[in-house]
Amino acid sequence: MKYTEEHEWLEMGDDGIVTVGISAHAAEQLGDVVFVELPEVGTEVTKDDEVVVIESVKAASDILAPLDGEIVEVNEAIVDEPSKVNDDPEGEAWFFRMQIEDAAALEEYMDEAAYKTFIGS
Amino acid sequence: MADDLKTTVLNDLHLSLGARMVPFAGYEMPVQYPMGVLKEHLHTRAAAGLFDVSHMGQVILRGPDVAKALESLVPVDVAGLAEGRQRYALFTNEAGGIEDDLMIANRGDHLFVVVNAACKDADVARLRAALEPRGITVKLLENRALLALQGPAAEDVLAEHHPDVRDMRFMDVATVPLAGAECWVSRSGYTGEDGFEISVPNAAAVDLAKALLADDAVAPIGLGARDSLRLEAGLCLYGHDIDTDTTPVSAGLGWAIQKVRRLDGAREGGFPGAAQVLREFADPPAMRRVGLRPEGRAPMREGVALFETEDAAGAIGHVTSGGFGANVNGPVAMGYVPTPMAETGRTLWGEVRGKRLAVTVTDLPFVPAGFKR
């Protein structure tokens, strides 16, 4: 698992597809999530594009595309039941899967130990 | 947390309960506890929630003809308020705008007034300027905390501590011994639920809060859920849904002005901005506060511009409070729209992230009130 400074997690599967979600720390900071808007499957994204909107009881925030690539699957379950993002942010409540162009780009992100240092826990 | 923030006497208790603290109106206050805003909201409507509202201003007014004197500042019937009763009121300004909203209780030989935290210095100054020349003393209490116990279980919980509270009706006030101290209890609150607000001496406040929290039905509730509960109940938050630019009738608060203070009433007018405020009963103001129910699940928050149609150019109004209604299980909002567009059922459009989303003008409250009248 890799983490971004924007508190996303990324996991490369055996099929070369990267799954993206938000960290448990981010979910806790956001508070109860009440709305999620996901991109359409097939969308070509460039790193730092705003691809997801999350609204918690407190505020709206964006999730940025962590890498260049194409959205190949989205998790409709969290649209129907946004509270899953608080219940299991680093598991069942993933946001989208993307086919990336450059697998090496994943390496620039933090591993779990570095992320824990980053968030100061 | 900034050093210049004040704290309430319950601060250590909040921290021990795991509260996340935020600055609010000059105080460090709990915004949520580990339960989280949504569950706190639902718990309050299902059982009971305990709120620390000690940041609010508690003021005693005492002196000759105090009720009539206070009527020089508020458009409500204070002189006709019976002993042991409380009433919602507004401070108005010369333009008819709203300076604050408040509660006034007739406690026999004095009036007990509760004002918003953010306005309390200005309110006390306003009260002193108007009332002291008439020989009335204005005392801002620093030695009492204020708790709100809200929800359908509130009566059973509080009656464990003193049975007399069962006999109180909505907006009754009484002196009741709780936690060994003289408490001033009103059957009121700001969640739309039945419940009580309890003014308690600082020295007994932590004991009382702990005793109430010891009941399984009671959970501590932060400002986050306090805001979503009052929004779902259709209640105004000062500085958001009402302010110096809104008038009582435009805010849908005309009901707070009793007939005796209106045109041709026995004590017509006599408060700041009376001409403007009273004219609006016959000659409706341009804008009107309404409930708004956005379609879909996206919250429509304060500041969102409202449009008459999906592609109209100019905004016709804006959202003043908006968020997620946990019991409605969807987004809810309030805002101001032109009076001709304020009819229930009308579709308007709010712009969120560049997209126009449909909203329906809706009767308030969004959830039925649970008051024991």
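A:H7 counts as partly exposed because its relative accessibility is 22%, where buried means under 20% relative accessible area, exposed over 50%, and partly exposed in between (1.4 Å probe, protein chains only). A:H7 is found in the loop between β1 and β2 (8–12) of chain A, and it has a positive phi of about 70 degrees although it is not a glycine. This is a predicted model, in which local features need pLDDT of at least 70 and side-chain atom pairs count only at pLDDT 80 or more, while totals for chains, interfaces and linings use all residues. Residues are numbered from 1 along each chain as its sequence is written, chains are lettered from A and ligands numbered from 1 in the order in which they are written, and side-chain values use heavy atoms, with hydrogens and water left out. Helices (H or I, at least four residues) and strands (E, at least two) are DSSP runs, numbered from the N terminus.

**Sheets of chain A**

- An open sheet of 6 strands in chain A has the order β1-β2-β3-β9-β8-β5, with antiparallel pairing; two strands pair if DSSP finds at least two bridges between them.
- In that sheet, β1 (2–3) and β5 (44–45) of chain A stand at the edges with a single partner strand each, so one side of each is left without a neighbour in the sheet.
- A second open sheet of chain A holds 3 strands in the order β4-β6-β7, with antiparallel pairing.
- Here β4 (33–37) and β7 (60–64) of chain A are at the edges, each with a single partner strand, so one side of each is left without a neighbour in the sheet.
- Neighbouring strands of this sheet are turned by 25 degrees against each other on average, direction ignored; axes are lines fitted to C-alpha atoms, for helices over the stretch in contact, and angles run from 0 to 180 degrees between N-to-C directions.
- β4(A) and β6 (residues 50–56) of chain A pair in the antiparallel sense over 4 bridges, with A:V36 opposite A:I54 in β6(A).
- β6(A) is joined to β7(A) by 5 bridges, and the two run antiparallel; A:I54 stands opposite A:S61 in β7(A).
- A hairpin through 3 residues connects β6(A) to β7(A).

**Helix α7 of chain B**

- Helix α7 (residues 223–232) of chain B is mostly covered, with 9 of its 10 residues buried; among them are B:L223, B:R226, B:L229 and B:L231.
- The buried residues of α7(B) pack against β1 (20–24), β2 (27–32), α2 (37–46), β3 (48–52), β16 (317–325) and β17 (330–338) of chain B, where contact means heavy atoms within 4.5 Å.
- α2(B) and α7(B) pack at an angle of about 55 degrees, with their axes 8 Å apart.
- The two helices, α2(B) and α7(B), are therefore oblique to each other; angles under 35 degrees count as roughly parallel, over 145 as roughly antiparallel, 65 to 115 as roughly perpendicular and the rest as oblique.
- From α2(B), the contact is made by B:V37, B:E40, B:H41, B:T44 and B:R45, and from α7(B) by B:G224, B:A225, B:S228, B:L229 and B:E232.
- Just after α7(B), B:G234 takes a positive phi of about 75 degrees.

**Strand β3 of chain B**

- β3(B) is mostly covered, as 5 of its 5 residues are buried.
- B:A48, B:L50 and B:D52 point one way from β3(B), whereas B:G49 and B:F51 point the other way, and all are buried.
- β3(B) runs parallel to β13 (residues 218–220) of chain B, to which 3 bridges join it; the bridge partner of B:G49 in β13(B) is B:A219.
- With β9 (residues 144–150) of chain B, β3(B) pairs in the antiparallel sense over 4 bridges, and B:L50 has B:L149 as its bridge partner in β9(B).

**Loops and backbone features of chain B**

- B:A25 lies in the loop between β1 and β2 of chain B and has a positive phi of about 50 degrees although it is not a glycine.
- B:A25 is partly exposed, with a relative accessible area of 33%.
- The peptide bond from B:L364 to B:P365 is cis, with omega near 0 degrees, and B:P365 is found in the segment after β19 (355–362) of chain B.
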